[in-house]
Amino acid sequence: MLEHQKMVLNAVSDDLNLFKRELTKSIKWLSSSEQRELCKWVEVELFQSHKRIVQEVFNSNRTPVINSGN
């Protein structure tokens, strides 16, 4: 499931509203360990271009917060 969600997020990354919806769904569907893995992956792959959305989704879902200290 995690790999599928990564593919989906990559595919919709150009549409910010759709990206936010899919990231929110991903957090709800994945186990805690998969959520942590997704968090790490998002930080590496998409965080710079989607910083505000990523922080908002992860914070609202009480998922481990991505380091925002840039």
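In this predicted model, confidence is highest in helix α1, at a mean pLDDT of 95, and lowest in helix α4, at a mean of 89. Across the protein the mean pLDDT is 87, and 87% of the residues reach 70 or more.

**Overall layout**

The protein has 4 helices and 0 strands. Read from the N terminus, the order of elements is α-α-α-α. The protein holds 70 residues, of which 39% are buried.

**Helix pairs**

| Helix pair | Angle | Distance between axes |
|---|---|---|
| α1 and α2 | about 170° | 9 Å |
| α2 (residues 16–29) and α3 (residues 32–45) | about 150° | 9 Å |

An angle over 145 degrees counts as roughly antiparallel. At about 150°, α2 is therefore roughly antiparallel to α3. On the α2 side, this contact is made by L23, S26 and I27, and on the α3 side by Q35, L38 and V42. Sorted by class, the α2 and α3 contact has 4 nonpolar residues, 2 polar residues and no charged residues.

The pair α1 and α2 packs at about 170°, so these helices are also roughly antiparallel to each other. Here Q5, V8 and L9 of α1 meet F19, E22, L23, S26 and W29 of α2. By class, the contact of α1 with α2 has 5 nonpolar, 2 polar and 1 charged residues. L23 and S26 of α2 take part in this contact with α1, and L23 and S26 also belong to the contact with α3.

**The nonpolar core**

In soluble globular proteins, nonpolar side chains tend to be buried together. In this model, the largest nonpolar core has 17 residues. Those with the most contacts inside this core are L9, F19, L23, L38, V42, V54 and F58. Two or more residues come from each of α1 (2–11), α2, α3 and α4 (51–60).

V42 lies in helix α3. Its relative accessibility is 0%, so V42 counts as buried. Along the chain, V42 and N10 are 32 residues apart, and their C-alpha atoms are separated by 9.6 Å.

Q5 is placed in helix α1. With a relative accessible area of 1%, Q5 is buried. Apart from neighbours within four places in sequence, Q5 is in contact with E22, S26, W29 and L30.

S13 sits in the loop between α1 and α2. Residues under 20% relative accessible area count as buried, and S13, at 13% relative accessibility, therefore counts as buried. Setting aside neighbours within four places in sequence, S13 is in contact with F19, L46 and H50. One of these partners, F19, is also listed among the core residues with the most contacts.

How values were computed: Residues are numbered from 1 along each chain as its sequence is written. This is a predicted model: local features need pLDDT of at least 70, side-chain atom pairs count only at pLDDT 80 or more; totals for chains, interfaces and linings use all residues. Side-chain values use heavy atoms; hydrogens and water are left out. Axes are lines fitted to C-alpha atoms, for helices over the stretch in contact, and angles run from 0 to 180 degrees between N-to-C directions. Angles under 35 degrees count as roughly parallel, over 145 as roughly antiparallel, 65 to 115 as roughly perpendicular and the rest as oblique. Contact means heavy atoms within 4.5 Å. Ala, Val, Leu, Ile, Met, Phe, Trp, Tyr, Cys and Pro count as nonpolar, Asp, Glu, Lys and Arg as charged, and the others, Gly among them, as polar. A nonpolar core is a set of buried Ala, Val, Leu, Ile, Met, Phe, Trp, Tyr and Cys residues joined through side-chain atoms within 4.5 Å. Buried means under 20% relative accessible area, exposed over 50%, partly exposed in between (1.4 Å probe, protein chains only). pLDDT is the predictor's confidence in each residue, from 0 to 100.
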